[in-house]
Amino acid sequence: MAFKNVGTFDLGTVGGQAAKRGNAQAFAMNDAGIASGQAFLQSELEKRDMLVRTPLTSFTYSRDIPIRVGGGWAEFVSAMQVGYGVSGGSGDNLYHSGGANGIPMVQADFGKGLYKTHMIAAGTRVMWIDMQRGNMTGRNLDSLLRDGLRMTYDKHMDENTYTGFSRYGTYGLLNNPDVMVTSAAEVGETSSKTTAFKRKTPDQILDDINTAILAAWAASEYDRDAIPNHIIMPYEQYNYLATTRVSSLAEKTILTFLLENNVARQNGADLFIGATIWCKGAGVSGKDRMAVYCNKERYLAMDELVPLTRAMTGPNTAQFCYDTAYAGNLSEVEVFYDQTMLYVDGI
């Protein structure tokens, strides 16, 4: 086969050799490459970091409330409750004798509570061109977008759990209007009284926690199954308890001291103390709030009736892309026994 000579063009001498320009002018070369007598594609001068860094965030909702999965696309969640009564009361009225002509009758008062649900929907869009480029880079754009969608869903779940949505008239764990609100006990001299944990002794903090537990338990008629077993507070207070020793001579932190000596543990309950960002400023007048409650499905829950689901995917020729729709169905926070909860402000 014969090759046709298309000619050469002298560019002068580079590195002791004659440079020729033909089709070579289409290649990009930087000054450093020319000066050293070597030419590199700019993309080959990069070291690729394969880790994709996602936004920093946190979610704690799954830890602080029982989540029940299933139920479908229901518009409400209902819960049946019953109250009992007996004529004359359950005291000495139950005494009976052989000549009596009647007995007190127990009656039941049934009620059904309804809790709101709401559907959520969001979508992702992947351009066709970007899909083809992804085949070259090795990155899956659809997977990255799904991660972002899941993060959006978790943030929605977090807000739904702790505060609800005022736009739709729902409440969460930290702002239920039926829950009793108290203030932490004041300590110190008259001119410098405080309720903050940082200015209290370990015994005074323990007294605040025990007082809250006992108040909620007393409102539940000291039902041993309803002993409050879950406490959440802001990170600032929690980290102070977790890192400060009881005294300069002790090795235990205040948190360990609280977990070992609280009244719930002495009555058979395993107390949990944790932190969440939602407690910061959640109290009256923007005070930091501590929530004390019984974290069991019998007393409160949230329904994930339809978890986040990939509903449909279709090509969009007008936009030259693929669109995917996701949907789910969630309930508001369902508090079945509000007397098992208590808010303590000013910690």
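Mentor: Start with a lysine. K296 has a relative accessible area of 29%, so it counts as partly exposed. Keep in mind that this is a predicted model.

Trainee: Which residue forms a salt bridge with K296?

Mentor: D225 does, with the closest N and O atoms 2.9 Å apart. K296 sits in the loop between β9 (289–293) and β10 (300–304), and D225 in the loop between α5 (202–219) and β7 (230–233), so the pair ties together parts 71 residues apart in sequence. D225 is partly exposed, at 32% relative accessibility.

Trainee: What other salt bridge does D225 form?

Mentor: One with R298, where the closest N and O atoms are 3.6 Å apart. This pair also links distant parts of the chain: R298 is in the loop between β9 and β10, 73 residues from D225. R298 is partly exposed, at 46% relative accessibility.

Trainee: How many salt bridges does a search of the whole structure find?

Mentor: It finds 15. Another of them joins R146 and D142, with the closest N and O atoms 2.6 Å apart. Here both residues lie in helix α4 (residues 141–162). They are four residues apart, about one turn of the helix.

Trainee: Are R146 and D142 buried or partly exposed?

Mentor: R146 is partly exposed, with a relative accessible area of 33%. D142 has 18% relative accessibility and the cut-off for buried is under 20%, so D142 counts as buried.

Trainee: Now the rings. What describes a pair of aromatic rings?

Mentor: Two values do: the distance of the centres and the angle of the planes. A search of the whole structure finds five aromatic pairs. In one of them, Y115 and F336 are edge-to-face, 5.7 Å centre to centre with 90° between the planes. Y115 is in strand β5 (residues 106–127) and F336 in the loop between β13 (334–335) and β14 (342–345), 221 residues apart. Y115 is buried at 13% relative accessibility, and F336 is buried at 12%.

Trainee: Why is the pair W128 and F320 stacked?

Mentor: Their ring centres are 5.3 Å apart and their planes are at 25°, so the pair is stacked. This pair links helix α3 (residues 128–137), which holds W128, to the loop between β11 (306–316) and β12 (321–331), which holds F320. The two are 192 residues apart. W128 is partly exposed at 34% relative accessibility, and F320 is partly exposed at 45%.

Note on methods:
Residues numbered from 1 in each chain as written. Predicted model: local features only at pLDDT ≥ 70, side-chain atom pairs only at ≥ 80, totals over all residues. Heavy atoms only, no water. Phe/Tyr/Trp six-rings, centres within 6.5 Å; stacked < 30°, edge-to-face > 60°. Buried < 20%, exposed > 50% of the residue type's maximum accessible area, 1.4 Å probe, protein only. Salt bridge = Lys/Arg side-chain N within 4 Å of Asp/Glu carboxyl O.
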